[in-house]
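Have the sequence and the 3D view open as you read.

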Amino acid sequence: MYNPVDVLKPNLYKSIFPYSEIPKVVFNNIQLPMELPENIWITDTTFRDGQQSMSFMTVKQIVKIYDYLHELDNGSGVICQSEFFLYSDKDRKAVEKCRERGYEFPQITSWIRADKRDFKLVKDMKIKETGILMSCSDYHIFNKLNKTRAEAMKMYLDIAYSALENGIVPRCHFEDITRADFYGFVVPLAKNLMEMSKDSKINVKIRACDTLGVGVSHVGVELPRSVSAIIHGLKYYAKVPSEAIEWHGHNDYYAAVTNSTTSWLYGGSSVNTTLFGIGERVGNTPLEAMVIEYAQIKGNVKSMNLKVINEIEKYFEKELNYDIPPKTP
């Protein structure tokens, strides 16, 4: 129903991302209202994005860390989901072993590329929700996928439709959203997905991915880098409900935690994290940091058991040979 603004040449925002210099922060001084949702959650991608930065974990290690996540959540439902790869036999075995635990939280979800062949893995594993890669910036659409915006949108909507046909919740990963044409591509894609959600009566989710960690949390910043404008825009221009909005940030510019908190404050219900911020390049938003942010914003930790964080730290250092800097908060 909603077409992207198709362009002959990619919009690479060269005035903001000149490549010969540090990216620029451009201000427009527009003040957007804060709108903290009643319910906010933390999701985990330690076993997906996190593993991409270190030696891959064994099935036994994955199950143990999944146990720890369950103990940390402690029935609160705050740490509501954990995301898994499905590509190797080891990945699928780890999912099966974690599923045998029978935990309500964190719920097991998966991740696939925007490829219908990948979707068979989700169906075979009987996963209820899957992430689907949907690159949004012209950097990715033109230079990585070699497609036009219209071709990319059609491919993304086709795979989302396949998920809905099978009763699976599609969590649409809007990759590289902080370098994307928000009104020319992001909003039309999100509006189409919300129409599909309405028709199917299945809650389609959108994960806003700050793939290079260039999001900015300051008030009055222009798109595409403004975290508050992205979240506000998804809610008010694309009519995406708060509970369907999730932020996924990286820490390239030391801003993963503040950007994630900002996404909560301006209307997104979920923040995607990894334990100790592991992840490609400089890493993701640390899960334990967002537990503290949750406590400060909400004034409580519900029933979460924060003492488990120390046990997880020891496990990472001893079993995964992962060095956590001594001055880490």
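Cys136 counts as buried because its relative accessibility is 0% (buried means under 20% relative accessible area, exposed over 50%, partly exposed in between, with a 1.4 Å probe and protein chains only). Bear in mind that this is a predicted model, in which local features need pLDDT of at least 70, side-chain atom pairs count only at pLDDT 80 or more, and totals for chains, interfaces and linings use all residues. Residues are numbered from 1 along each chain as its sequence is written, and side-chain values use heavy atoms, with hydrogens and water left out.

How many disulfides does a search of the whole structure find? The count is zero, where a disulfide is a pair of cysteine sulfur atoms within 2.5 Å. Cys80 is in no disulfide, and its nearest cysteine sulfur, that of Cys209, is 15 Å away. Cys136 is in no disulfide either: the nearest cysteine sulfur, again that of Cys209, lies 8.3 Å away. Cys80, at 12% relative accessibility, counts as buried.

## Around Cys209

Cys209 sits in strand S6 (residues 205-210); helices (H or I, at least four residues) and strands (E, at least two) are DSSP runs, numbered from the N terminus. With 2% relative accessibility, Cys209 counts as buried. Leaving aside residues up to four places away in sequence, Cys209 touches His173, Phe174, Glu175, Asp176, Ile177, Thr178 and His248 (contact means heavy atoms within 4.5 Å). Phe174 is 35 residues from Cys209 along the chain, yet their C-alpha atoms are separated by 5.6 Å.

One of these neighbours, Asp176, has a phi near 60°, a positive value in a residue other than glycine. Asp176 belongs to the loop between strand S5 (169-175) and helix H6 (182-200), and its 0% relative accessibility makes it count as buried.

## Helix H2 and its two faces

Which residues of H2 are buried? They are Asp91, Ala94, Val95 and Cys98. These residues cover an arc of only 100° around the axis, which puts them on the same side of H2; the arc is that of the directions from the helix axis to the C-beta atoms. An α-helix has 3.6 residues a turn, so residues three or four places apart point the same way.

The buried residues of H2 pack against helix H1 (59-73), strand S2 (79-84), strand S3 (107-112) and helix H3 (116-125). On the face turned away from the buried side, H2 carries the exposed residues Asp89 and Glu100.

Just after H2, Gly102 takes a positive phi of about 75°. In the loop between H2 and S3 lies Pro106, joined to Phe105 by a cis peptide bond with omega of about -5°. Another cis peptide bond joins Leu223 and Pro224, with omega of about 10°; Pro224 is in the loop between S6 and helix H7 (227-236).

Lys126 has a positive phi too, near 55°, in a residue other than glycine. Its place is the loop between H3 and strand S4 (129-135), and at 69% relative accessibility Lys126 counts as exposed.
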